[in-house]
Amino acid sequence: MLVEVVNDGKLYRVQSGTKGQANAARQAFAKYKIANSYYVRIVQDGRKWRFITGTYPSQAVANNAIAEMKRLAILSYAESMPA
(Lines give C-alpha, C1' and ligand atoms only; values in the text may rest on other atoms or scores of the structure.)
Protein backbone atom coordinates (compact mmCIF):
# COMPACT_ATOMS: atom_id res chain seq x y z
CA MET A 1 0.00 0.00 0.00
CA LEU A 2 1.40 3.39 -1.02
CA VAL A 3 1.15 6.05 1.65
CA GLU A 4 1.05 9.63 0.40
CA VAL A 5 2.82 12.06 2.71
CA VAL A 6 1.90 15.74 2.62
CA ASN A 7 4.95 17.97 2.62
CA ASP A 8 4.66 20.20 5.67
CA GLY A 9 8.14 21.70 5.20
CA LYS A 10 9.70 20.35 8.40
CA LEU A 11 13.34 19.85 9.10
CA TYR A 12 15.09 18.93 12.28
CA ARG A 13 18.07 20.35 14.06
CA VAL A 14 20.48 18.68 16.42
CA GLN A 15 22.21 20.35 19.34
CA SER A 16 25.74 19.15 20.09
CA GLY A 17 28.18 20.17 22.80
CA THR A 18 31.30 20.56 20.66
CA LYS A 19 32.21 21.02 17.02
CA GLY A 20 33.87 17.58 17.12
CA GLN A 21 30.59 15.95 18.21
CA ALA A 22 28.71 17.76 15.45
CA ASN A 23 31.24 16.62 12.84
CA ALA A 24 31.13 13.03 14.15
CA ALA A 25 27.35 13.07 13.86
CA ARG A 26 27.60 14.40 10.28
CA GLN A 27 29.81 11.43 9.37
CA ALA A 28 27.40 9.02 11.05
CA PHE A 29 24.52 10.51 9.03
CA ALA A 30 26.32 9.55 5.83
CA LYS A 31 27.26 6.10 7.14
CA TYR A 32 23.71 5.20 8.21
CA LYS A 33 22.01 7.15 5.38
CA ILE A 34 19.73 8.98 7.80
CA ALA A 35 20.30 12.25 5.98
CA ASN A 36 22.43 13.38 3.08
CA SER A 37 25.52 14.78 4.80
CA TYR A 38 26.04 17.13 1.84
CA TYR A 39 23.05 19.17 3.02
CA VAL A 40 24.03 19.23 6.70
CA ARG A 41 25.23 22.63 7.94
CA ILE A 42 27.20 22.95 11.19
CA VAL A 43 26.86 26.30 12.95
CA GLN A 44 27.92 27.76 16.27
CA ASP A 45 25.10 28.72 18.62
CA GLY A 46 26.67 30.50 21.57
CA ARG A 47 29.00 27.98 23.20
CA LYS A 48 27.15 25.04 21.62
CA TRP A 49 27.33 23.65 18.12
CA ARG A 50 24.37 22.43 16.14
CA PHE A 51 23.71 21.22 12.69
CA ILE A 52 20.65 21.42 10.49
CA THR A 53 19.64 18.79 7.97
CA GLY A 54 17.79 19.26 4.73
CA THR A 55 14.02 19.11 4.70
CA TYR A 56 11.87 16.05 5.29
CA PRO A 57 8.41 15.64 3.70
CA SER A 58 6.59 15.68 7.05
CA GLN A 59 7.21 16.12 10.74
CA ALA A 60 6.49 12.41 11.23
CA VAL A 61 9.32 11.48 8.86
CA ALA A 62 11.67 13.90 10.63
CA ASN A 63 10.71 12.43 14.00
CA ASN A 64 11.40 8.92 12.67
CA ALA A 65 14.89 10.05 11.65
CA ILE A 66 15.39 11.52 15.12
CA ALA A 67 14.29 8.25 16.74
CA GLU A 68 16.76 6.35 14.54
CA MET A 69 19.60 8.72 15.47
CA LYS A 70 18.86 8.15 19.14
CA ARG A 71 18.60 4.38 18.67
CA LEU A 72 22.00 4.32 16.96
CA ALA A 73 23.44 6.59 19.69
CA ILE A 74 24.57 9.13 17.09
CA LEU A 75 23.24 11.98 19.21
CA SER A 76 21.22 12.22 22.37
CA TYR A 77 19.27 15.38 21.50
CA ALA A 78 17.32 16.36 18.40
CA GLU A 79 14.13 18.23 17.66
CA SER A 80 12.09 18.96 14.56
CA MET A 81 11.47 22.54 13.58
CA PRO A 82 9.63 24.27 10.72
CA ALA A 83 11.69 24.86 7.61
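Two strands count as paired if DSSP finds at least two bridges between them. Strands here are DSSP runs of E with at least two residues, helices are runs of H or I with at least four, and both are numbered from the N terminus.

A word on what you're looking at: this is a predicted model, where local features need pLDDT of at least 70, side-chain atom pairs count only at pLDDT 80 or more, and totals for chains, interfaces and linings use all residues. Residues are numbered from 1 along each chain as its sequence is written, and side-chain values use heavy atoms, with hydrogens and water left out.

**The hairpin.** Strands β2 (residues 41-45) and β3 (residues 48-52) run antiparallel and are joined by five bridges. Take Val43: its bridge partner in β3 is Arg50. Two residues sit between the strands of this hairpin, and Gly46 has a positive phi near 70°.

**Helix α1.** Ala22, Ala25, Ala28 and Phe29 are buried in α1. They sit on the same side of the helix, because they cover an arc of only 120° around the axis (the arc of the directions from the helix axis to the C-beta atoms). Gln27 and Lys31, on the other side, are exposed. Buried means under 20% relative accessible area, exposed over 50%, and partly exposed in between, with a 1.4 Å probe and protein chains only. After α1 comes Lys33, with a positive phi near 55°.

**Ser80 and its neighbours.** Ser80 belongs to strand β4 (residues 79-82) and is buried, at 17% relative accessible area. Leaving aside residues up to four places away in sequence, Ser80 touches Leu11, Tyr12, Gln59, Ala62, Asn63 and Ile66 (contact means heavy atoms within 4.5 Å).

**The salt bridge.** The whole structure holds one salt bridge, between the side chains of Arg71 and Glu68 (2.8 Å, N to O).

Technical notes: A salt bridge is a side-chain nitrogen of Lys or Arg within 4 Å of a carboxyl oxygen of Asp or Glu.
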